Amino acid sequence: MAISGPHGGEGGGVFADINITPLTDIFLVLLIIFMVTTSVTIESAAHVDLPNATNTAPENKGVIVTYTAQHELFVNSKDVPERELQSSLRDALSKVDQKIVVFQGDRKVLLGDMVRILGIAKAAGAEQIAIAAKRVTGAQLENNPSSGGS
């Protein structure tokens, strides 16, 4: 704050300058916080650790059913409660030419859960069922005994 007189001397009006540096600092901190939280929330909604297989062919036909280790169900990346799975599958299968259901299940998914979900898919009208797997090479199978090699 500065006080000056009418003739450049003392006495007179008050000049107030606004210091915007703290305001700028706050905005920069908020911007960084929003950038970090956005990058965290962009990650895939359904992270699935697929089992490994050596002879997989990429297919983009049919309906994809994803079952996570946290027991979440997704039909074509749309979160679906289990009680609505059959109707959601029926709707999704009616929109595709080939009535194929591709099951993407986490390695930690129990076999009983998988069989139950595939049974619901059959009841919804699936003519064929496929199980998704990650493509691996022979060297990767030898180095990773949990994937079914050696």
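Okay, S77: you'll find this residue in the loop between strand 5 and strand 6, where helices (H or I, at least four residues) and strands (E, at least two) are DSSP runs, numbered from the N terminus. S77 isn't a glycine, yet it has a positive phi of about 70°. Its relative accessibility is 71%, so S77 counts as exposed. For the cut-offs, buried means under 20% relative accessible area, exposed means over 50%, and partly exposed is in between, with a 1.4 Å probe and protein chains only.

N76 is in that loop between strand 5 and strand 6 (78–79) too. Phi of N76 is near 50°, again positive in a residue other than glycine. Why does N76 count as partly exposed? Because its relative accessibility is 41%. As background, most residues other than glycine have a negative phi.

Before I go on, a word on what you're looking at. This is a predicted model, where local features need pLDDT of at least 70 and side-chain atom pairs count only at pLDDT 80 or more, while totals for chains, interfaces and linings use all residues. Numbering starts from 1 along each chain as its sequence is written, and side-chain values use heavy atoms, with hydrogens and water left out.

Now the overall layout. The protein chain has four helices and nine strands, and along the sequence they read β-β-α-β-β-β-β-α-β-α-β-β-α. Of its 150 residues, 27% are buried.

So what about the sheet? Five strands make an open sheet in the order 6-5-4-7-8, with mixed pairing; two strands pair if DSSP finds at least two bridges between them. Strand 6 and strand 8 (128–131) are the edge strands, each pairing on one side only. Further in, strand 4 and strand 5 run antiparallel and are joined by three bridges. Helix 2 packs on the sheet and touches strand 4, strand 5 and strand 7, contact meaning heavy atoms within 4.5 Å. The direction of helix 2 makes about 20° with that of strand 5; axes here are lines fitted to C-alpha atoms, for helices over the stretch in contact, and angles run from 0 to 180 degrees between N-to-C directions.

T66 stands opposite F74 in strand 5. With a relative accessible area of 6%, T66 is buried. Its side chain makes a polar contact of 3.1 Å with the side chain of Q104. A polar contact is a pair of N or O atoms within 3.5 Å; within protein, one must be able to donate a hydrogen and the other to accept it, and residues adjacent in sequence count only if both atoms are side-chain atoms.

Next, the largest nonpolar core, which has 20 residues. A nonpolar core is a set of buried Ala, Val, Leu, Ile, Met, Phe, Trp, Tyr and Cys residues joined through side-chain atoms within 4.5 Å. Among the residues touching the most other members are V65, L85 and F103. Which helix gives the most to this core? Helix 3, with five residues. Leaving aside neighbours within four places in sequence, L85 is in contact with L73, V75, V80, I117 and I120.

Last stop, A126, in the loop between helix 3 and strand 8. A126 is buried, at a relative accessible area of 5%. A126 and K99 are 27 residues apart in sequence, but 5.1 Å apart in space, C-alpha to C-alpha. Skipping neighbours within four places in sequence, A126 is in contact with L93, K99, V101 and A121.
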